[in-house]
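Dear colleague,

Please find below the structure that I am handing over to you. My notes on it follow, and I would be grateful if you read them with the coordinates open.

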2 protein chains.
Amino acid sequence: MNRSQRLVAIMKLLSERPGELLPLSFFTERFGAAKSTISEDLALVKEALEADGSGRLRTHAGAAGGVQYWPLPSREEEQETLLELCRLLSDPGRILPGGFVYMTDLITHPIWSARIGAIMAARFIDAEPDVVLTVETKGIPLALMVARALGLPMVVARREGRVTEGPSVTLHYISGSRRIHTMTVGLRALWRGARVLVVDDFMKAGATARAMVDVAGEMGASVAGVGVFVSTAEPARKQVQRYVSLLTLEQVDEVARTVRVVPADRLTKE
Amino acid sequence: MNRSQRLVAIMKLLSERPGELLPLSFFTERFGAAKSTISEDLALVKEALEADGSGRLRTHAGAAGGVQYWPLPSREEEQETLLELCRLLSDPGRILPGGFVYMTDLITHPIWSARIGAIMAARFIDAEPDVVLTVETKGIPLALMVARALGLPMVVARREGRVTEGPSVTLHYISGSRRIHTMTVGLRALWRGARVLVVDDFMKAGATARAMVDVAGEMGASVAGVGVFVSTAEPARKQVQRYVSLLTLEQVDEVARTVRVVPADRLTKE
């Protein structure tokens with residue numbers, strides 16, 4: 001392979017293995033090239049990413065050295081994606097009975113979930129989580145894409161225990177509509193001392209996110225952050241104190257057939 | 001940007017948008033370069049992918065021309081991944097009561113689910129599906145990654161109808177253990193005439209896959225294929241006639257603590 005071919009192949013590998021620490025030897029063996037050659041290649045990749053304004057490449061020096069890549073969006077890509085999502089979600093055709101907004105098509109489409117996941121990953125990468133926790137079912141595509149962008153495992157809390165998950169920790173919680181729910185996480189899935197990033201697609205009262213924070217605590221894990229794709233403007237006071245929401249569902253009027261979704265404040269709510 | 005930088009940025013864009021038809025104008029605008037320059041860049045990318053032996057780039061000529069990229073693995077990558085998964089799954093520590101094998105850690109890890117998804121995508125890309133259908137919960141990560149590699153939307157069948165999915169089609173089916181189950185798919189999610197690729201993580205009797213095939217039929221869609229990550233050797237006769245399985249769970253002995261998972265025959269079963 002010549003340099004052009006190696007640059008393409010390296011970028012392909014990095015994109016397929018986000019978050020992984022890839023030693024220089026991984027590249028030298030794969031391409032049959034000297035360490036100095038690969039180092040120059042990686043410097044060119046880094047330059048290109050900086051020129052493009054998106055993606056983060058970290059170089060680790062020394063014997064255990066190598067590179068890590070995260071597919072984080074540029075500020076412009078982020079803004080463009082969020083504004084487009086607001087436009088799509090503000091379509092009155094999405095209004096469902098009870099003032100719900102249909103968003104399953106967006107969160108289950110891998111192109112959208114990957115973009116949203118990368119935006120969420122950028123908000124939390126510096127909190128250094130080491131696992132992403134979500135709850136079945138609609139949270140899974142986003143959580144998987146957040147985990148993918150960060151190179152972390154994902155854990156799915158279930159509504160009830162399953163033989164296929166092995167022994168588990170179960171807790172009960174009260175939803176915003178005052179019903180009792182169950183949440184269960186496999187003991188094999190989450191470990192003591194883990195730093196958990198809680199991710200969900202939607203937050204109203206915040207009871208589900210609260211339950212995820214609590215179940216993580218019961219399992220000896222700590223919470224690195226809570227991130228949701230869309231949260232409702234009301235109630236303003238949620239059951240989790242600190243969370244990041246990408247979009248805010250400001251208002252739905254089932255009769256007038258209007259819905260308004262806007263980018264959330266970038267700041268963490270207190 | 002110079003050529004090296006463009007090659008890196010182009011490969012990054014292609015990796016982030018698999019399956020999408022990206023017109024040449026997309027690149028010329030983004031990089032402020034002439035069409036002829038971008039065409040040369042893309043030819044170099046194609047050469048590099050061919051030298052690397054993985055990934056597929058298709059060039060469409062003409063006014064509506066452009067390129068499409070799919071992150072398909074090379075034959076060697078595929079074999080390496082499947083053998084490593086067999087090794088991991090054949091660990092006796094994974095045996096659960098009832099002869100189940102714990103595999104949630106692998107299918108929910110984005111690095112593994114992306115690799116498995118790309119292998120599955122390669123098996124079905126020529127069947128030209130236009131949507132991936134799975135059922136909650138454990139099928140979702142794999143199905144999302146298959147959909148991602150093919151650039152297709154994913155649809156999740158639910159166990160019961162939800163207000164957030166809108167009106168739906170529901171059917172009942174009988175599992176291998178003779179229990180009645182319900183499966184429901186939102187009318188907004190699947191369209192008449194769609195070519196559906198059914199994906200699931202595990203198949204024993206094949207009742208769940210059969211139900212997905214049936215629900216797709218009820219909605220006026222046709223089936224482009226059925227793909228599962230692991231199927232059991234017994235029963236040999238499943239409720240779907242044609243399917244592709246990547247791995248076969250040959251045997252689990254709860255008492256002797258042995259489990260054997262092997263790569264499945266590459267051929268479609270009849």
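To compare copies, the chains are superposed by least squares on the C-alpha atoms of residues with pLDDT of at least 70 in both. Please bear in mind that the model is a predicted one. On that basis, chain B can be laid on chain A with an RMSD of 0.0 Å, by a turn of 180 degrees with a shift of 0.0 Å along the axis. That is the relation of a two-fold axis. The same surface serves both copies, as 98% of the contact residues of chain B recur in chain A.

Annotated domains

Two annotations for chain A come from UniProt, both in an unreviewed entry. The record gives "domain: Bacterial purine repressor N-terminal" for residues 3-71 of chain A. In the model, that span of chain A is 58% helix and 17% strand, and its end C-alpha atoms are 22 Å apart. The record also lists "domain: Phosphoribosyltransferase" for residues 115-250 of chain A. Here the chain is 24% helix and 37% strand, with end C-alpha atoms 22 Å apart.

The interface

How much area do chain B and chain A bury between them? The value is about 5,200 Å², and 62% of it lies on carbon and sulfur atoms. Chain B contributes 60 residues to the contact, and chain A contributes 59 residues. On the side of chain B, the residues that lose the most area to chain A are Val8(B), Lys12(B) and Arg188(B), which together account for 12% of what that side buries.

Between the two chains there are 6 salt bridges. As an example of a salt bridge, the side chains of Arg30(B) and Asp52(A) meet at 3.5 Å, N to O. There are also 16 residue pairs in polar contact between chain B and chain A, counted where both residues have pLDDT 80 or more. Several elements of chain B each supply at least two residues to the side that touches chain A, among them helix 1 (3-16), helix 2 (24-31), helix 3 (35-52) and helix 7 (139-150). Helix 1 of chain B gives the most to that side, with 9 residues.

Two residues at the contact

Arg188(B) is found in the loop between strand 9 (180-186) and strand 10 (195-203) of chain B. With a relative accessible area of 37%, Arg188(B) is partly exposed. Which residues does Arg188(B) contact, leaving aside its neighbours within four places in sequence? They are Gly93(A), Arg94(A), Ile95(A), Leu96(A), Tyr102(A) and Pro167(B). A polar atom of the Arg188(B) side chain lies 3.0 Å from the backbone oxygen of Gly93(A). Within chain B, the C-alpha atoms of Arg188(B) and Glu165(B) are separated by 7.8 Å, although these residues are 23 residues apart along the chain.

Ser54(B) sits in the loop between helix 3 and strand 2 (56-60) of chain B. Is Ser54(B) buried or exposed? Its relative accessibility is 1%, so Ser54(B) counts as buried, the limit being under 20%. The side chain of Ser54(B) makes a polar contact with the side chain of Lys12(A) at 2.5 Å. Apart from its neighbours within four places in sequence, Ser54(B) is in contact with Lys12(A), Leu49(B), Leu72(B), Pro73(B), Ser74(B) and Glu77(B).

Backbone geometry

Most residues other than glycine have a negative phi, and most peptide bonds are trans.

- The peptide bond from Glu234(A) to Pro235(A) is cis, with omega near -5 degrees. Pro235(A) lies in the loop between strand 11 (222-232) and strand 12 (244-253) of chain A.
- In chain B, a cis peptide bond joins Glu234(B) and Pro235(B), with omega about -5 degrees. Pro235(B) lies in the loop between strand 11 (222-232) and strand 12 (244-253) of chain B.
- Glu128(B), a residue other than glycine, has a positive phi near 50 degrees. Its place is in the loop between helix 6 (110-124) and strand 6 (131-135) of chain B, and Glu128(B) is exposed, with a relative accessible area of 57%.
- Arg257(B) likewise has a positive phi, near 55 degrees. Arg257(B) is found in the loop between strand 12 and strand 13 (258-263) of chain B, and at 41% relative accessibility Arg257(B) counts as partly exposed.

With kind regards

Key
Residues numbered from 1 in each chain as written. Chains lettered and ligands numbered in written order. Heavy atoms only, no water. Contact = heavy atoms within 4.5 Å. UniProt positions renumbered as here; feature names shortened; annotations may be inferred. Helix = DSSP H or I, 4+ residues; strand = E, 2+ residues; numbered from the N terminus. Buried < 20%, exposed > 50% of the residue type's maximum accessible area, 1.4 Å probe, protein only. Buried area = accessible area lost by both parts, 1.4 Å probe. Salt bridge = Lys/Arg side-chain N within 4 Å of Asp/Glu carboxyl O. Polar contact = N/O pair within 3.5 Å; in protein donor to acceptor, adjacent residues only side chain to side chain.
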